[in-house]
Amino acid sequence: MSSVAQKSGFGATLWDWLTTVDHKKIGILYLLGGLFFFVLGGIEAMIIRLQLMTPNNDLVSAGLFNDLITMHGTTMIFLAAMPILFGFMNAIMPLQIGARDVAFPFINSLGFWMFAFGGLFLNISWLFGEVPDAGWTSYASLSLHSPGHGVDFYAIGLQIAGGGTLMAGINFLVTIINMRAPGMTYMRMPLFTWTTFVASAMILFAFPPLTIGLFFLTFDRMFSGNFFDHTMGGNTIIWEHIFWIFGHPEVYILILPAFGIFSEVFSVFSRKRLFGYTAMVFATVLIGFLGFMVWAHHMFTVGLGPTANAIFAVATMAIAVPTGVKIFNWLLTIWGGSIKVTTPMLYALGFIPSFVMGGVTGVMQGAAPLDYQLHDSYFIVAHFHYVIVGGVVLAIFAGLHYWWPKMFGTMLSEFLGKITFVFFFIGFHMTFLIQHWLGFWGMPRRVWTFMDGQGWNIANMVSTIGALLMAIGFTVMVINIIMTTVKNERVGNDPWGDGRTLEWAIPSPPPFYNFPATPLVRGLDTLWIEKMEGSKEMITPAEPITDIHMPHGSIIPMLMTLGLFIAGFGAMFQQETSWGLGVLIFGLAFTFVAMATRSLKDDLGYYVTKEQILQDQENIKRGRN
């Protein structure tokens, strides 16, 4: 074992987490970072709803309201939903395919630190009093003329965080292609691994356009570029294309892993093999492909012309077909199953009607004539939140309860988990269902306040009360996490009793080398096959136990990102201060030195000996007895 991991005390523990390249610990770091930003984005949402609770309200100013809606959208999409899903992908996916780690542990660590420092950079804008205010889409027509450095914080912060996301996507792809255990063919992979695979492929193609767009925006604002300024020969519509070529696949990058989580939950708590596995795999791939083809439906009203609008309208509606295949297969998985209504299963059962409602309103929006009427109304706010909250957030909560014992070795309270579900689920529908009608009644989105007598008062009051219920539900979940952590009651390998995939065959939490010997996969739902055959060890090894090679931890990923973080401030202030250019050069030089150190330093890792692995196995068996 690593000498660092054997030390105790706060300092050694902190160093261990700062330098870790273990995919499970990085998964936990993503989870904690994502939950922190989820709370931040949630507080911003609550202030928005309190402002809109009554007519003529002046709780916050119009300018601060713009700041809040911009930061809420940006934080929830880039810094909360994606990182939490990355946490599950990191912690669980390598275990499901029988791997010891991800393909590039160092880059995995670098990706996390880029997310963390990028998110920090963006939110430091609150301390400077110069917050992004051009909406989460930052359309160039607004962002180029936004005063102060708010949009600069947006462009640089997302640039840093987006680089980390791209690295993570490539890492997951290579891991799944190259590191599957013997016998795990593509058509034996668990659905969560499949959805991670397709979402990672989408990241590979979706994030480079965003990176280019943010570079263009940065150069337009800080270095007098003219990519988007129409008065200087640029075109602001280019930004909209670039943003939505990224932005629409982003919805599927979020929802596909959510589908993967629900597929695992439905199968385990129905005690049945997932119905139509092959169809589910092809539906996942098809959704990923079509998700790229429909970005322009966000731009029906900019004047693309009837032919382009018709093509994108049909493509948009076509996504309903593979999505419908998934819905019916989940229902048929439940049908005739021996159902256990656990907390994760409650979220899964609640997800189906919620997501169907969000999907149906999406198909409605695919019709260009209707979109002309409803775009920029509260109907769009309702639709978007039914997809993201009704799909992604419910999946995050399901995954959190489902995989918590595997990640932390303790079990969240089922009683408190069900209370969380009741408050959150009722609050969710109270908040957003009524907003469909607000859209029909003509309430525009992004308005700071509204006049009395327009018929919107009660609906906005109901919506705000629903948001408060959601906040209560989330608070109960935080209490649940704290109580579970304090009690620290350890659980076994498979605390749900019906695990079907490889992660449930090893201790909770798993040892740092995951599997004492690489497992042999003999079919879909590997662990279930072992259980049905009465195997005591629950894993059929593909090879005898031998020494295991593992990578060393490293502080360099954090230092590399710290340099970019410093350089970001230099780039932002280089024109108006005497020190800005120096800070920019120092930050970049700091990063290059860290990169050079990594290149020149030979790090050959270390071996965990066979004797130590056998001793670990013996200790685990004694613990069971």
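Predicted model: local features only at pLDDT ≥ 70, side-chain atom pairs only at ≥ 80, totals over all residues.
The side chains of D16 and K25 are joined by a salt bridge with an N to O distance of 2.5 Å. D16 has a relative accessibility of 16% and is therefore classed as buried, whereas K25, at 21%, counts as partly exposed, because buried residues are those under 20% relative accessible area.

A salt bridge also connects the side chains of D152 and R221, with 2.6 Å from N to O. D152 belongs to helix 8 (residues 150–178) and R221 to helix 9 (residues 191–222), so that the contact ties together parts that lie 69 residues apart in sequence. Both partners are buried: D152 has a relative accessible area of 4%, and R221 has a relative accessible area of 19%.

The side chains of R271 and D498 meet in a further salt bridge, for which the N to O distance is 2.1 Å. This pair links distant parts of the chain, 227 residues apart, since R271 is located in the loop between helix 10 (236–270) and helix 11 (277–292), while D498 is located in the loop between helix 18 (457–487) and helix 19 (526–532). R271 is partly exposed, at 37% relative accessibility, whereas D498 is buried, with a relative accessible area of 2%. The two residues are, together with K340, linked in a network of salt bridges.

Methods: Residues numbered from 1 in each chain as written. Heavy atoms only, no water. Salt bridge = Lys/Arg side-chain N within 4 Å of Asp/Glu carboxyl O. Buried < 20%, exposed > 50% of the residue type's maximum accessible area, 1.4 Å probe, protein only. Helix = DSSP H or I, 4+ residues; strand = E, 2+ residues; numbered from the N terminus.
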